Amino acid sequence: MLTVLVLVVAPLPVVYLLVPASRSVRYAALAHELCVYPSVLAAGLLFYISWRMSQDSTTGWLAAGVTFVGAQGLGASAVHLAQPGAAAQHAGWLAMVDLGVQLVVVVVTVLAARHVLRLDPFVLGLLCGLLTTFVRGGVLELPSMDLTEASLRRAAVVLVLLQLVGAVLIGRLPRSPLWVRARVAAAVVLLAGAHLLSAPTRIGGAVGDGASVLLTVSGCVVLVTAGLALLQHQLQRQRGAIRGLHERVEHLEADVRTDRARLHEVGATIAGIAHASRLLHSGELPAQARRRDLERMVDAEMARLQRLVDRRRTGPLEDVALGTALEPLVTAHRARGRQVHWQPSGLQVRCRPDDLVEVVNILLENAAQHAGTDVTIDARSTGDDVEIQVCDRGPGVPAGLVEEVFAWGHRGRRSSGQGIGLNIALRLMNEQDGDLRLETRTGGGATFVLTLPAAPASSEGGSAERAS
């Protein structure tokens with residue numbers, strides 16, 4: 001507020017010092033209007049920027065109105081300053097122009113409450129202000145209108161009444177903050193009063209000229225501060241909207257990641273079921289025992305797939321025998337021609353069985369895609385925990401990328417995968433009080449270690465599941 005006031009008042013002493021003729025109070029008042037009204041145009045530009053951000057119809061009309069006030073006020077000051085004698089002789093014509101302009105403002109304000117502005121507000125305000133300036137300059141070429149002092153004062157009273165009506169109508173415009181409309185209405189009255197006092201009729205004489213300067217400064221300060229406050233208000237709304245959009249995008253990204261993770265799990269499970277189903281229907285299974293293993297695997301995987309699709313997988317932790325949980329999965333991978341070395345022994349862990357199967361399934365799929373070798377699953381008890389190692393004999397992972405392999409979307413240059421499997425596996429392990437890490441091995445190959453709490457029944461045994 002103080003900065004705006006200083007910027008608006010500063011032109012007055014500058015003009016007073018640099019232009020000797022301005023040391024007349026009358027001339028200083030006109031010259032100060034010429035210096036101050038550009039600030040009103042700047043206020044119109046602030047309203048225009050706010051309209052561009054909000055596309056609010058009322059803000060657009062206010063931007064056009066403030067720009068018009070600045071442009072026509074600048075033009076009127078220039079006309080009076082350029083031809084002070086002619087302006088005094090044609091005071092009647094200039095009063096009629098002021099009455100006509102104010103009447104148009106009242107009509108437009110009524111229309112603004114019911115119609116949306118279709119034109120550019122700033123351009124519209126400038127064009128109307130220039131047109132009013134041309135009209136004012138044109139009436140100076142007409143024969144002088146002989147009006148008595150009383151007639152000019154009556155015209156001034158009518159002008160003031162129209163200004164008050166316009167201010168009331170501005171205050172009742174819809175959809176815009178009340179404090180904005182109230183400030184604009186007050187500023188219009190202040191600037192109109194300043195224009196009236198600085199008109200050629202010289203209402204109030206030297207005192208009126210001084211009051212004109214005060215009203216001009218006050219009106220300009222009110223408009224500029226209102227424009228700044230409105231722009232700040234719109235910026236805060238924009239920031240809030242942007243924050244809301246960021247939150248929505250984050251939620252959407254989370255949903256997309258969840259759906260992609262679920263599709264990843266569904267795809268891997270369906271692949272095993274489909275391959276086992278083809279083997280069962282092809283009649284190429286001479287061993288009845290293997291057929292029974294495949295049938296049990298299909299039933300187990302179908303049940304897990306149903307729980308996954310229905311989103312009923314998440315539940316409390318339970319004691320799970322590793323042999324019972326992993327046997328259908330190992331059978332599924334062996335049915336697809338993959339060499340998986342694994343032999344159950346009796347260890348039990350506390351986890352969610354579907355999650356455990358999915359994690360091991362992801363590791364086996366990764367080994368098949370990236371290593372292309374046989375895979376060994378080994379489990380051992382380590383006190384209160386059980387470690388499950390999934391080892392392959394492929395090229396392994398460079399030491400500098402050990403931590404990055406668990407990042408969402410990370411994949412090797414030659415990988416055809418999505419880069420989300422290991423991230424899903426790590427999340428599933430963390431959700432059931434477990435851990436997943438990658439250990440480097442000398443001589444190549446990758447070893448992923450799953451750590452889960454041991455079930456009470458298996459924590460005392462210390463048995464291990466060894467590779468066949």
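**Overall architecture and two local sites**

The protein contains 14 helices and 8 strands, where helices (H or I, at least four residues) and strands (E, at least two) are DSSP runs numbered from the N terminus. The model is predicted, so local features need pLDDT of at least 70 and side-chain atom pairs count only at pLDDT 80 or more, while totals for chains, interfaces and linings use all residues. Residues are numbered from 1 along each chain as its sequence is written, and side-chain values use heavy atoms, with hydrogens and water left out.

Of the 468 residues, 46% count as buried, meaning under 20% relative accessible area with a 1.4 Å probe and protein chains only (over 50% is exposed, in between is partly exposed).

A friendly place to start looking is Thr-109, which sits in helix 6 (residues 91-112). Thr-109 is buried, with a relative accessible area of 10%. Beyond its neighbours within four places in sequence, Thr-109 is in contact (heavy atoms within 4.5 Å) with Gly-166, Leu-169, Ile-170 and Leu-173.

Aromatic rings come next. Rings of Phe, Tyr and Trp (its six-membered ring) pair if their centres lie within 6.5 Å; planes under 30 degrees apart count as stacked, over 60 as edge-to-face and the rest as tilted. The count comes to 3 aromatic pairs. In one of them, the ring centres of Tyr-48 and Phe-122 are 5.7 Å apart and the planes are at 45 degrees, so this pair is tilted. The pair links distant parts of the chain, 74 residues apart: Tyr-48 belongs to helix 3 (residues 25-54) and Phe-122 to helix 7 (residues 121-139). Both Tyr-48 and Phe-122 are buried. Together with Trp-51, Tyr-48 and Phe-122 form one aromatic cluster.
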